[in-house]
Amino acid sequence: MIKRYILIIALITASLNGMAQSWQFGVKGTFNFNWLLNNNLALENMTDKMSFGYSQGASIGFNLHEDNYYNRPCYGFYLEYYYESHNQSYAYCNPVDTLNLNCFSSAVHINMSTIPLLFRAKTESGLYCEMGPQLNLIETVTSDYYSNNNPELNYKGKNTISTYNKTTFSFVFGAGIESKLVGNDWLIETGVRGSYGLQDVKLNSGVTVNKSKTTLADAGVLIGLIYKLNYYHIKRRGH
């Protein structure tokens, strides 16, 4: 799958070789609000709580310019890789239970690799918007359960990956700005980015009746350090 993405980028680059190009290499990270969206939770009075996660990774991409100057409107394609921690917490308390004897909390922790392939359009000032598909490769899933009144039922770090689809796709969208850090070559990137799952992340066991789709989703802030390499700038300098 990764080789296919790289081949697509290489073919597009070769077909547009008459335009000025700049390659970008970067390291990036995000801090996200996380959700496992599901309208059919296990219990009627179970609610999802605000949850957070993060990701860290690297990117490679190229921009196509009107000419060989840096500060021009352009568009490009980016292949990125992230290792991501995605979390979702839940709470349950029956309103009829005035003593809160049956209240409990639970959480799901997902670690996965994500590979977005993004189309990005940029303005002269460095403002950009981006969108594209993302491949999600789930590596580990663990669950926690805590009840103050029923401690014998408590557990932490229970392996539950067998109930999840290990390979899914999401749609990614975002916006931000690239600002000069050192000269024209080093840039700092700041922005916001979100993703929304296109498939059910939970497997259908065949036991649950009227099972609702569980969707991976997140939104947060992104920051990155980028090195920019202008193709025509190097070519002219070499001559």
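Student: Which residues line the largest cavity?

Tutor: The model is predicted, and what follows is computed from it. The lining of the largest cavity is made up of T30, N32, S55, Y82, E84, T114, Q134, V172, R193, G194, S195 and D218. The space inside the largest cavity comes to about 130 Å³. With a threshold of 30 Å³ or more, a search of the whole structure returns one cavity.

Sorted by class, the lining holds seven polar, three charged and two nonpolar residues. Tyr is counted as nonpolar and Gly as polar, so Y82 and G194 are classed accordingly.

As for secondary structure, three strands each give at least two residues to this lining: β1 (20–37), β4 (74–92) and β9 (186–197). The largest share, three residues, is that of β9. Within the range 186–197 of β9 fall the lining residues R193, G194 and S195. T30 and N32 lie in the range 20–37 of β1, while Y82 and E84 lie in the range 74–92 of β4.

Now the setting. The protein contains ten strands and two helices, and in sequence order these run α-β-β-β-β-β-β-β-β-β-β-α. Of the contacts between residues at least 6 apart in sequence, 71% join residues at least 24 apart. The protein has 239 residues, and 41% of them are buried. The protein exposes about 13,000 Å², with 61% of that supplied by carbon and sulfur atoms.

Notes:
Residues numbered from 1 in each chain as written. Predicted model: local features only at pLDDT ≥ 70, side-chain atom pairs only at ≥ 80, totals over all residues. Heavy atoms only, no water. 1 Å grid on protein atoms, 1.4 Å probe; cavity = no way out; pocket = protein on both sides within 12 Å on 5 of 7 lines; lining within 4 Å. Points joined across faces, edges and corners; volume = space filled by probe spheres on them. Helix = DSSP H or I, 4+ residues; strand = E, 2+ residues; numbered from the N terminus. Buried < 20%, exposed > 50% of the residue type's maximum accessible area, 1.4 Å probe, protein only. Contact = heavy atoms within 4.5 Å. Areas by Shrake-Rupley, 256 points an atom, 1.4 Å probe, with all protein chains shown as cover.
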